[in-house]
Amino acid sequence: MDAIDPRPLYARATEQTAAVIKAVTPEALAGPTACAEFDVRTLLAHIVGGTLRIAVVGENGDGGGVRALAEGVPDDGWPAAFDEVRVRVLRAWESDERMAAPVRAPWGEVPGREALPGYLMELVAHTWDLSDALGHPVELDPVVGEFALAAAHAMLPAPDREGADLPFASARPAPEGADAYGRLAAWLGREPVSRA
């Protein structure tokens, strides 16, 4: 994965996330997601807050000092809130120097080129969570999904994560014929809302 520049794929991931966020209806906000602790509204807050964290890390700041859940966003304001942090995160990670320089990620200090695939994997996973909760209103980019799946396998090689201090459950079997997103969700321990 080191040979692949993750920035174009991360940009594509943010575009599809924006498209899925725009598909959220007011009626869906209180609905369940594959992240058992999040309804759709809370998942949106996490996507926006998490993307802001990634922007701050890219700006050489302390991402851990940024709340994981965005606050004060009105129900109809999620697309604009995400677009704002999306522009900021893409700008923060655009330079070759940022990709070579160390950043403090939740899993340690690593060069930016090693951190960004993990952040991409998280964004793609949550985009799938949101898409699944909404009934998959937007076709997701298969190349982005495959890259995120490869990042997940590299970062979380053991399928059994019971008792580990990780934000992901143990892997589940992927449904037969699952695309990269379905396999990613299963690897991260997610159960689709439609199958729960």
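Reader: Why is aspartate 75 called partly exposed?

Author: Aspartate 75 has a relative accessible area of 42%. Buried means under 20% relative accessible area, exposed means over 50%, and partly exposed is what lies in between (1.4 Å probe, protein chains only). The value of 42% falls in between, and therefore aspartate 75 is partly exposed. The model is predicted: local features need pLDDT of at least 70 and side-chain atom pairs count only at pLDDT 80 or more, whereas totals for chains, interfaces and linings use all residues. Residues are numbered from 1 along each chain as its sequence is written, and side-chain values use heavy atoms, with hydrogens and water left out.

Reader: What makes the contact between aspartate 75 and arginine 41 a salt bridge?

Author: The closest N and O atoms of aspartate 75 and arginine 41 are 2.9 Å apart. A salt bridge requires a side-chain nitrogen of Lys or Arg within 4 Å of a carboxyl oxygen of Asp or Glu, so the pair qualifies at 2.9 Å. Aspartate 75 lies in the loop between α2 (40–58) and α3 (78–92), and arginine 41 lies in helix α2, so the bridge ties together parts that are 34 residues apart in sequence. Here helices (H or I, at least four residues) and strands (E, at least two) are DSSP runs, numbered from the N terminus. Arginine 41, with 31% relative accessibility, also counts as partly exposed.

Reader: How many salt bridges does this rule give?

Author: The count comes to 11 salt bridges. Among them is the pair of aspartate 83 and arginine 86, with closest N and O atoms 4.0 Å apart. These two residues are three residues apart in helix α3, which separates them by about one helical turn. Aspartate 83 is partly exposed at 26%. Another pair is glutamate 109 with arginine 104, at 3.3 Å from N to O. Glutamate 109 is exposed, with a relative accessible area of 53%, and arginine 104 is exposed at 57%.

Reader: Why is the pair of tryptophan 93 and tyrosine 119 called edge-to-face?

Author: The rule finds one aromatic pair. In this pair, tryptophan 93 and tyrosine 119 lie 6.1 Å apart, centre to centre, with 70 degrees between the planes. Rings of Phe, Tyr and Trp (its six-membered ring) pair if their centres lie within 6.5 Å; planes under 30 degrees apart count as stacked, over 60 as edge-to-face and the rest as tilted. The distance of 6.1 Å therefore makes a pair, and the angle of 70 degrees makes it edge-to-face. Tryptophan 93 lies in the loop between α3 and α4 (96–100) and tyrosine 119 in helix α5, so the pair ties together parts that are 26 residues apart in sequence. Both tryptophan 93 and tyrosine 119 are buried.

Reader: What makes the phi of asparagine 60 worth noting?

Author: Most residues other than glycine have a negative phi. Asparagine 60 has a positive phi of about 70 degrees although it is not a glycine. Asparagine 60 is found in the loop between α2 and α3 and is exposed, with a relative accessible area of 56%. Histidine 136 also has a positive phi, near 55 degrees. Histidine 136 is placed in the loop between α5 and α6 (142–155) and counts as partly exposed at 40% relative accessibility.

Reader: How do you know that valine 89 is buried?

Author: Valine 89 has a relative accessible area of 0%, which meets the limit for buried and therefore settles the class. Valine 89 is in helix α3. Valine 89 and glutamate 59 are 30 residues apart in sequence and 8.5 Å apart in space, C-alpha to C-alpha.

Reader: Which classes of residue make up the lining of the second largest pocket?

Author: The lining has nine nonpolar, four polar and seven charged residues. Ala, Val, Leu, Ile, Met, Phe, Trp, Tyr, Cys and Pro count as nonpolar, Asp, Glu, Lys and Arg as charged, and the others, Gly among them, as polar. Helix α7 (180–187) is one of the elements that supply at least two lining residues, and α7 gives the most, with four.
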